[in-house]
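Subject: Structure handover

Hello,

Here is the structure I promised to pass on. Please open it first, then read my notes below.

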Amino acid sequence: SEQSRASREVTSHQRQRYMRVLALLSGGKDSTYAMMKCVEHGHELVALGNLHPPADDGREMDSFMYQTVGSELVPALAECLELPLFRAPITGDAVDQRLIYERTDGDEVEDLLRLLEAARAEVEFEAVCCGAILSNYQRTRVEDVCERLGLVSLAYLWQRNQAELLAEMAEAGVEAVLVKVAALGLGASHLHRSIRELAPLFGRLEGRFGFHVCGEGGEYETLTLDCPLFRRRLVLRGARPLVHSEDPSGMAPVVLLAADGVDICGKGEGESAPPTGAGAPRAPWAEARRAAATEAEEERNLEEEGEEAASLASLAAAGAVASAPAAS
């Protein structure tokens with residue numbers, strides 16, 4: 001639409017100048033890396049925004065707009081970033097599900113508008129960043145809210161090649177682990193494992209099942225434990241799998257990562273975060289590659305290959321049953 005196109009043009013025009021930014025933080029890898037890109041482009045992070053389920057007790061809720069898995073840990077991430085956090089419960093539903101959103105009472109998009117209004121009453125900022133990669137539904141709604149409030153929408157990850165982007169995140173120091181799996185080829189054994197470690201598996205699943213490497217099809221969700229912007233890091237206590245819903249076929253159950261709690265720990269010497277303001281370095285961060293895979297990692301790779309083979313065999317068997325003639 002003209003509204004969406006105009007918003008993108010304003011965003012493109014103003015990305016080059018310094019702006020104070022409120023980052024929409026879900027807790028996952030995409031919103032984390034979007035913050036890093038803001039700093040890389042010379043902007044200053046001044047606040048964080050998060051919308052969470054009404055109970056805020058770790059249970060997932062269905063939302064077209066917001067990642068809710070792990071949202072109860074966002075306050076701990078704000079402590080790691082040492083930035084003010086503005087939070088509000090999701091009270092609306094996806095009332096207007098059309099691609100081009102129009103202001104609708106009772107829609108969850110209006111929760112974002114109210115959150116940004118409340119934040120702007122306390123902190124001065126000109127732009128909002130989000131981690132949208134492929135979802136036009138999400139991006140156009142953030143743009144709509146920003147346009148109504150006279151803010152610039154920044155989406156530095158938009159339409160990036162997913163395999164390249166995931167590798168870039170890992171190399172830039174985003175330590176994110178899976179906290180939800182919901183796809184063929186993934187199971188409880190993949191929870192609490194890093195995107196760096198699982199990237200080769202994601203690539204294989206993409207070739208076999210059309211898997212979205214960055215999880216844009218809802219295949220998985222992540223929680224960031226550390227990144228170069230963090231002053232401290234998170235450590236999960238008592239992490240364990242929790243089956244959210246069974247798949248009748250048994251091939252792709254939805255499994256979440258539950259934890260007894262989280263510790264906020266200091267970083268090792270020499271790992272302090274870079275500045276988050278306009279004077280920050282503009283070159284992407286990079287960490288040295290990790291050492292070659294250990295014997296345990298190689299065994300896990302063999303297990304994954306076995307799981308993939310089992311999934312393919314199940315699909316083949318299901319296809320054979322479906323194509324068999326009915327008994328007379």
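First, a definition: helices (H or I, at least four residues) and strands (E, at least two) are DSSP runs, numbered from the N terminus. By that rule the chain has 8 helices and 11 strands.

Now the ground rules. This is a predicted model, where local features need pLDDT of at least 70, side-chain atom pairs count only at pLDDT 80 or more, and totals for chains, interfaces and linings use all residues. Residues are numbered from 1 along each chain as its sequence is written, and side-chain values use heavy atoms, with hydrogens and water left out.

**The chain overall**

Buried means under 20% relative accessible area, exposed means over 50%, and partly exposed lies in between (1.4 Å probe, protein chains only). Of the 328 residues in the chain, 50% count as buried. A contact means heavy atoms within 4.5 Å. Take the contacts between residues at least 6 apart in sequence: 74% of them join residues at least 24 apart.

**The cores**

In soluble globular proteins, nonpolar side chains tend to be buried together. A nonpolar core here is a set of buried Ala, Val, Leu, Ile, Met, Phe, Trp, Tyr and Cys residues joined through side-chain atoms within 4.5 Å. The largest one has 60 residues. Met35, Leu45, Leu154, Leu186 and Phe202 have the most contacts inside it. Another core lies apart from it, with 31 residues, including Tyr101, Leu116, Val142 and Cys146.

What does leucine 186 touch, not counting residues up to four places away in sequence? Its contacts are Val181, Leu201, Phe202, Leu205, Phe211, Glu219 and Tyr220.

Cysteine 129 sits in strand S4 (residues 127-129). It counts as buried because its relative accessibility is 1%. Leucine 24 is 105 residues away in sequence, yet the two C-alpha atoms are 6.1 Å apart. Leaving aside neighbours within four places in sequence, cysteine 129 is in contact with Val21, Leu22, Ala23, Leu24, Ala34, Met35, Cys38 and Leu154.

Leucine 151 is in the loop between H5 and strand S5 (152-154). Its relative accessibility is 8%, so it counts as buried. Its C-alpha atom is 5.2 Å from that of alanine 127, 24 residues apart along the chain. Not counting residues up to four places away, leucine 151 touches Leu116, Arg120, Phe125, Glu126, Ala127, Val128 and Cys146.

**Strands S6 and S7**

Two strands pair if DSSP finds at least two bridges between them. S6 and S7 pair in the antiparallel sense over 6 bridges. Leucine 178 has threonine 222 in S7 as its bridge partner. S6 also pairs with strand S10 (residues 254-258), again antiparallel, over 2 bridges. There, valine 181 has valine 255 as its partner.

**The largest pocket**

On a 1 Å grid over the protein atoms alone, a pocket is an open set of points where a 1.4 Å probe fits, with protein on both sides within 12 Å along at least five of seven lines; lining residues have an atom within 4 Å of a point. The lining of the largest pocket has 39 residues. Met65, Tyr66, Gln67, Gln138 and Glu221 lie nearest its centre. Helix H2 (29-40), strand S2 (44-52), helix H4 (109-120), helix H5 (136-149) and strand S7 (220-226) each supply at least two residues of the lining.

Most residues other than glycine have a negative phi. Which way does glutamate 82 go, positive or negative? Its phi is positive, near 55°. Glutamate 82 lies in the loop between helix H3 (74-81) and strand S3 (85-89). It is exposed, with a relative accessible area of 54%.

Glutamine 159 is not a glycine either, and has a positive phi of about 60°. Look for it in the loop between S5 and helix H6 (162-171). At 56% relative accessibility, glutamine 159 counts as exposed.

Best wishes
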